[in-house]
Amino acid sequence: MKTRVIVLAVIAIAVIVSVIATPRVPALKIATTSSLYDTGLWAHLEPLFEEQHGVKLHVFRVGTGIALDHGKRGDVDAVVIHDRTREEEFVAGGYGVERVPFAYNYFMIVGPEDDPAGIAGLKPEDAFRKLLEDGAQDPDRIVFISRGDDSGTHAKEKAIWQAAGFAYHEVQESSWSKARDGYVKAARGMGPTLLMANEKGAYTLTDNGTFLAYKGNLELVPIVETGAMLLNEYSVIAVNPDRHPGTNAEMAGNLVEFLTSPDIQDIIGSYGVDEYGVPLFSPCAGAEPGE
Amino acid sequence: MTEIWQGLIRAVQLLVSFDAEVVEIAARTLRIAGTSSLLAAIISLPLGTLIHFRQFRGKGALINIVQTLYFLPTVIVGLFVFVLLSRAGPLGELGILFTPQAMVVGQMVLITPIMLGMTISALSGVRKELLETATSLGASGSQLGLLVLREARYAVLAALLLGFGRALSELGVAMMVGGNIDGYTRMMTGAIWLATQRGDLELALALGIILLFLALVISIVLNRLQQRRPQ
């Protein structure tokens, strides 16, 4: 009896100590968009960075909105996201050092193969207008799944609605949105949103990287793929150390250098070829794509 | 339906092959949830005994508050501890957000009320005469406490097990305070969540089955220990 109590106590203390005394290894903490994580790009780059710089890379998979919030609070050292407008606000507000684009791909509107709204071949803003107008007439057949989560993709969707001539609240208050199906907010990551659109035979806006990564599970096909509005740039921003002295500014700088270095740019540019036959991202080494 | 069968098969495969990643995540889950539970028990058992024996103003209200906290949503606890530990928060100086230690703090906030409240309930089930006899025989306060804990040991163990179960199965704290970092703060529930997000429903189900299997093993071991204890 006594020995058993002692043995149990020793085990208990060992467990507690093993957690409490877990060394806080020096780590670079980054918050990143779900599309970069779910395509597997971070899992691919993480060991390379860790080897080059001898530091752990802790990657948080969150949407662009939450990533920026973590950055503002100083809870991460860098953010790697895709929403140019909010990124520029973030830097202008003194939260970030500098916005450095390092890769891009394109958004596309995907949907059921029979294209019930007949939007194939239209520009994205015209396609959205037709979806809203025809969707109001026939919300059972014409369904659109929005991310609805403040992510970079959701921001892009709002921008396209704007270009189509609708303020976002008009879309939300439309009879299409009030119908049982119609315009639906998923409030989840890109992958799950694609799966949901697939279940419902709906349209959705996606980046082509995530779409390719999930294509095996989907019956959806790309419907609208061209249009200047569909550019999707990924940027890295180091969190401003003046505002949050506790952040690892030096290592965040190393990450910016790493992502824009020629070797890593090549790796990003060829990532996905083995698995999907085409690269998921195009590198752009710190410059605005197409400028 | 096919996903469920495939999930079951995948679970068996992962278990039989001792998949390195699953073993690592399971071990981390047990360590973190175990630490939170042990620390919460170290607080709850003496405190619960003390509250049980002492008569004071507001005792009923205190017990009501403790019981209300049984219903704390994990995401609220996660949010609360996140705001507390965030660099922009009051305890930001510590810099422990997104670490296993921070997860232990969050899980303790979550499960201490359960262990405390249920310990108090367990002790109130012990017959009064026993304590009166012990007192008349000259038992000291701490001897009385040990006696009552021992008398109510089945119910007390149930209280501890329930708290541990909640720590093992919660997601809100692990996500918000731990950050679900691969190889550092990812627990079983976080791995299940991620697999679901990525559309790998089989893996998600398999991990869920493994989590339940772990719980089964723990419950069998604890029951054995309890039964072997001499009267």
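In this predicted model, 13 residues of domain 1 of chain A are in contact with 17 residues of domain 2 of chain A. The domain assignment places residues 7–103 and 234–283 of chain A in domain 1, and residues 106–230 in domain 2.

The contact between the two domains can be described by its area and its polar pairs. About 1000 Å² is buried between domain 1 and domain 2 of chain A, and carbon and sulfur atoms give 56% of this area. Between these two domains there are 0 salt bridges, but 4 residue pairs are in polar contact, with both residues at pLDDT 80 or more. On the side of domain 1 of chain A that touches domain 2, the elements giving two or more residues are α2 (34–38) and α4 (64–73) of chain A. Of the elements on that side, α2(A) gives the most, with 3 residues. Sorted by class, that side of domain 1 of chain A has 4 nonpolar, 6 polar and 3 charged residues.

Salt bridges do occur elsewhere. Over all chains, the whole structure has 19 salt bridges. One of them joins the side chains of E87(A) and R99(A), with an N to O distance of 2.6 Å. E87(A) belongs to helix α5 (residues 84–92) of chain A and R99(A) to strand β4 (residues 96–111) of chain A, so this pair ties together parts that are 12 residues apart in sequence. Both E87(A) and R99(A) are buried. The two residues also belong to a network of salt bridges that links R84(A), E87(A), E88(A), R99(A), E233(A) and E288(A).

Another salt bridge in chain A is formed by D181(A) and K200(A), whose closest N and O atoms are 3.2 Å apart. D181(A) sits in the loop between α9 (175–178) and β6 (183–185) of chain A, while K200(A) is in helix α10 (residues 190–200) of chain A, so the pair ties together parts that are 19 residues apart in sequence. K200(A) has 39% relative accessibility and counts as partly exposed.

R186(B) and D182(B) form a salt bridge in which the closest N and O atoms lie 3.6 Å apart. R186(B) is buried, with a relative accessible area of 5%, whereas D182(B), at 35% relative accessibility, is partly exposed.

Definitions and conventions: Residues numbered from 1 in each chain as written. Chains lettered and ligands numbered in written order. Predicted model: local features only at pLDDT ≥ 70, side-chain atom pairs only at ≥ 80, totals over all residues. Heavy atoms only, no water. Domains from an automatic or database assignment. Contact = heavy atoms within 4.5 Å. Buried area = accessible area lost by both parts, 1.4 Å probe. Salt bridge = Lys/Arg side-chain N within 4 Å of Asp/Glu carboxyl O. Polar contact = N/O pair within 3.5 Å; in protein donor to acceptor, adjacent residues only side chain to side chain. Helix = DSSP H or I, 4+ residues; strand = E, 2+ residues; numbered from the N terminus. Nonpolar A, V, L, I, M, F, W, Y, C, P; charged D, E, K, R; others polar. Buried < 20%, exposed > 50% of the residue type's maximum accessible area, 1.4 Å probe, protein only.
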